[in-house]
Amino acid sequence: MNAIPHLDKIGHLGSFFALSFLTYFAFKPKWYVLTILWSCYAILIEMVQSQLAYRHASLADFVADMLGVGLFYLVLWLYSKLFKSNKNLDTPST
């Protein structure tokens, strides 16, 4: 039994957050391209796991994966809002 409940889901979320971060800053794809890419990858992973005797497919894993992608875009949006507001404060008015 895991000492931390739902550690697997946290791992999925964190992994797809990191994948989204790296993909975004490496290639700058449109948000929908990145989301489609990682959702297809997440579905593929679950399909492969459903065929393995020692693993199982889980809709909750897919949801955690997509939450990781969504969280990345939320953090990116919040960072851009914070950065733009701080930049405006630092610029002297003329």
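Predicted model: local features only at pLDDT ≥ 70, side-chain atom pairs only at ≥ 80, totals over all residues.
Biologist: Let's start with Ala-60: is this residue buried, partly exposed or exposed?

Modeller: Ala-60 sits in helix α3, which covers residues 59-90. Buried would need under 20% relative accessible area and exposed over 50%. Ala-60 has a relative accessible area of 39%, so the residue counts as partly exposed.

Biologist: How far is Ala-60 from Ile-45, C-alpha to C-alpha?

Modeller: Along the chain, Ala-60 and Ile-45 are 15 residues apart.

Biologist: Thanks! How many salt bridges does the structure hold?

Modeller: Side chains of opposite charge can pair when their charged atoms come close. Here, Asp-8 pairs with Lys-9, with 3.1 Å between the closest N and O atoms. Lys-9 also meets the side chain of Asp-61, at 2.6 Å from N to O. For the structure, the number of salt bridges is two.

Biologist: Which helices hold Asp-61 and Lys-9, and how many residues apart are they in sequence?

Modeller: The two side chains meet in a salt bridge. Asp-61 belongs to helix α3 and Lys-9 to helix α1, so their pairing ties together parts of the chain whose separation in sequence is 52 residues.

Biologist: Let's turn to the helix pair α1 and α2: at what angle do their axes cross?

Modeller: Helix α1 spans residues 7-27, and helix α2 spans residues 31-50. Their axes come within 11 Å and cross at roughly 140°. That makes α1 oblique to α2. The handedness of the crossing is right-handed, and its angle is roughly 140°.

Biologist: Which residues form the nonpolar patch on the surface?

Modeller: One member is Val-48, found in helix α2. A patch residue needs over 30% relative accessible area, and Val-48 has 45%, which makes it partly exposed. The patch has about 510 Å² of accessible area together, and its residues are Tyr-41, Leu-44, Val-48, Leu-52 and Tyr-54.

Biologist: And Ile-43, how far is this residue from Ser-15, C-alpha to C-alpha?

Modeller: Ile-43 is placed in helix α2, where this side chain is partly exposed at 42% relative accessibility. Ile-43 and Ser-15 are 28 residues apart in sequence. Their C-alpha atoms are apart in space by 15 Å.

Biologist: Now some backbone angles: what is the phi of His-6?

Modeller: His-6 lies in the segment before α1. The residue is exposed, at a relative accessible area of 60%. Its phi is positive, in a residue other than glycine, with a value near 60°.

Biologist: One last question: where is Lys-28 placed?

Modeller: Lys-28 has a positive phi of about 50°, although it is not a glycine. Its place is in the loop between α1 and α2.

Conventions
Residues numbered from 1 in each chain as written. Heavy atoms only, no water. Patch = residues over 30% accessible without salt bridge, like charges linked within 9 Å, V, L, I, M, F, W, Y side chains within 5 Å. Areas by Shrake-Rupley, 256 points an atom, 1.4 Å probe, with all protein chains shown as cover. Salt bridge = Lys/Arg side-chain N within 4 Å of Asp/Glu carboxyl O. Helix = DSSP H or I, 4+ residues; strand = E, 2+ residues; numbered from the N terminus. Buried < 20%, exposed > 50% of the residue type's maximum accessible area, 1.4 Å probe, protein only. Axes fitted to C-alpha atoms, helices over the stretch in contact; angles between N-to-C directions. Parallel < 35°, antiparallel > 145°, perpendicular 65-115°, else oblique. Left-handed = near helix turned anticlockwise from the far one by under 90°.
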